Amino acid sequence: MIAVSSCLAGIECRYNGSHSLVEKVRDLVEQNRALLICPELLGGFSIPRESAEIVGVTGEDVLDGNAKVIEKSGNDVTKLYIKGAYKALSIIQEVNVRYVVLKENSPSCGNSIIYNGEFANTKIAGKGVTAALFRRAGIKVISEEQFLNTNFL
């Protein structure tokens, strides 16, 4: 069993109510070979919600208490991102997930690229909060691009 970001399976759960469908991911869900997770919804966010970025570098820094996740309006939503990450971790550990496919660029799910926290559409190297937590727990995390370009199944 693997887990996948819900938006990659076509679920309209992104901050703006859209999805990021990857047909190969949707196919796995339809075959009951992948578990859907959305850490942001697990953290208590609604759809739609304001866009957010990590201010203070990366998800690792958020987990260590050295950075925050801030909405575009300036509202600090760090606790909700951390809450969602831990809930998602608990769920995937219960079903013994082999690896997770997460949505790149997200402040929660970004595996190697996130936005820089200035809301200027500038990306930097780094992990989102959930991706960082999963990696700390020893779970293999890949982006949708890595999933499409490599045979992980």
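Guide: Let's take helix H5, which spans residues 129–136 in this predicted model. Six of its eight residues are buried, so the helix is largely enclosed by the rest of the structure. If you want to pick them out on your screen, the buried ones are Val 129, Thr 130, Ala 131, Ala 132, Leu 133 and Phe 134. Buried here means a relative accessible area under 20%. Keep following the chain and, just after H5, you come to Gly 138, which takes a positive phi of about 85°.

Four strands form an open sheet in the order S2-S1-S5-S8, and their pairing is parallel.

The partner of S8 is strand S5, residues 99–102, and the two pair in the parallel sense over four bridges. For a landmark within that pairing, look at Val 100, which stands opposite Val 141 in S8. A helix also packs on this sheet: H4, residues 78–94, touches S1 (2–5), S2 and S5. The direction of H4 makes about 165° with that of S2.

Stay with S5 for a moment, as Tyr 99 belongs to this strand. Is its side of the story buried or exposed? Tyr 99 has a relative accessible area of 4%, and the cut-off for buried is under 20%, so Tyr 99 counts as buried.

Last, let's turn to the open space in the model. The largest pocket holds about 470 Å³. Its lining is made up of 27 residues, and those closest to the centre are Arg 14, Tyr 15, Asn 105, Ser 106 and Pro 107. Helix H2 (39–43) and strand S3 (52–55) are the elements that give two or more residues to this lining. Sorted by class, the lining of the largest pocket has 12 nonpolar residues, seven polar ones and eight charged ones.

Notes. Residues numbered from 1 in each chain as written. Predicted model: local features only at pLDDT ≥ 70, side-chain atom pairs only at ≥ 80, totals over all residues. Heavy atoms only, no water. Buried < 20%, exposed > 50% of the residue type's maximum accessible area, 1.4 Å probe, protein only. 1 Å grid on protein atoms, 1.4 Å probe; cavity = no way out; pocket = protein on both sides within 12 Å on 5 of 7 lines; lining within 4 Å. Points joined across faces, edges and corners; volume = space filled by probe spheres on them. Nonpolar A, V, L, I, M, F, W, Y, C, P; charged D, E, K, R; others polar. Pairing = 2+ DSSP bridges. Contact = heavy atoms within 4.5 Å. Axes fitted to C-alpha atoms, helices over the stretch in contact; angles between N-to-C directions.
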